Amino acid sequence: MMRNFWRNLSFSRKNRWMLVSLSDAENINKAIIRFVKRKEGRHPGPALVMDATIRIPASARRISNFLQDENSRSKWDILSHGHVVQQTRSISNGCVPGNRVSILEVKSPEDPDRTVKTLLQESFSTSTCSYVTFAPVEASSINMILNGGDSDNVQVTPSGFSILLDGQTGDEVSLVTIVFQILDSSASPMCFPAHSVCSMYTVIRETAKAITAGVVDPYNMG
């Protein structure tokens, strides 16, 4: 999942990005989008990936803790609003507290015993940066991995966040890159469907607002 995430963020001749025109960007400096080819066994594509970077007046650690905490996920994840998110399992990734791979279950508000979707999440922090990535996965795939199956056979479409300190302004300001990915069978290297682009930008814009509110003024989050 992490390899796919960073591959989606990289720039090369084979990995071209297109600037997205923004009409109501607010604190988003710019957004870029690119096409992802289908990769047999690893990616169910074709897909579109959009990312945008925002500046938030909070430390990278505070933002990272907010994003990886399952109890605050429904505050920024618009697909989880009104739902209860539970961490069912986690595996530590190194000796730093909080660095882990987690399985999250989003529960129905009407029926707490019914799982609406399952997410695989990885969070990792160093002295210079942090990241939180996640991808929806089938429950059967999770069970296969937990029973010793090959994780390379699980198809994932990772989205997530990269968090860096803003060296120009000090420790209490961070740069957060939001990466969002969706499957779109009608997309091609020369055609980015307008409805998909608009939907992705709306998700990124609302996510940026929610994260900023959650870490800067959490008492107004409701």
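Below, labels are checked against their cut-offs.

Author: This is a predicted model, where local features need pLDDT of at least 70, side-chain atom pairs count only at pLDDT 80 or more, and totals for chains, interfaces and linings use all residues. Residues are numbered from 1 along each chain as its sequence is written, and side-chain values use heavy atoms, with hydrogens and water left out.

Reader: How many helices and strands are there, and what makes a run count as one?

Author: The chain has 5 helices and 9 strands. Along the sequence the pattern reads α-β-β-β-α-α-β-β-β-β-α-β-β-α.

Reader: Why is Trp 76 called buried?

Author: Its relative accessible area is 2%. Buried means under 20%, exposed over 50%, and partly exposed in between, with a 1.4 Å probe and protein chains only. So Trp 76 is buried.

Reader: And why does Phe 134 count as buried?

Author: Phe 134 has 11% relative accessibility, so it counts as buried.

Reader: Why is the pair of Trp 76 and Phe 134 called tilted?

Author: Two values decide it. Rings of Phe, Tyr and Trp (its six-membered ring) pair if their centres lie within 6.5 Å; planes under 30 degrees apart count as stacked, over 60 as edge-to-face and the rest as tilted. Here the centres are 5.8 Å apart and the planes stand at 55 degrees, so the pair is tilted. Trp 76 is in helix H3 (residues 73-76) and Phe 134 in strand S7, 58 residues apart.

Reader: What makes the pair of Trp 76 and Phe 161 edge-to-face?

Author: Its planes are at 85 degrees, with 5.1 Å from centre to centre. Phe 161 lies in strand S8 and Trp 76 in helix H3, so this pair ties together parts 85 residues apart in sequence. Both residues are buried. Ring pairs join Trp 76, Phe 134 and Phe 161 into a cluster. The structure holds 4 aromatic pairs.

Reader: How do you know that Arg 73 lies over the face of Phe 134?

Author: Arg 73 is at 4.3 Å from the ring centre. The rule asks for NZ of Lys or CZ of Arg within 6 Å of the ring centre and within 35 degrees of the ring normal. Arg 73 is listed as lying over that face.

Reader: What makes a nonpolar core, and which residues touch the most other members of the largest one?

Author: A core is a set of buried Ala, Val, Leu, Ile, Met, Phe, Trp, Tyr and Cys residues joined through side-chain atoms within 4.5 Å. The largest has 34 residues, and Met 50, Ile 63, Leu 67 and Phe 161 touch the most other members. Helix H5 (194-216) is one of the contributing elements. H5 gives the most, 9 residues. Another core, of 10 residues, lies apart and includes Met 2 and Trp 17.

Reader: How do you know that S3 and S9 pair?

Author: Two strands pair if DSSP finds at least two bridges between them. S3 and S9 have 10, in the antiparallel sense. Met 50 stands opposite Phe 180 in S9. S8 and S9 also pair in the antiparallel sense, over 6 bridges. There, Gly 160 has Val 179 in S9 as its bridge partner.

Reader: Why is S9 called mostly covered?

Author: Of its 10 residues, 8 are buried.

Note on methods:
Helix = DSSP H or I, 4+ residues; strand = E, 2+ residues; numbered from the N terminus.
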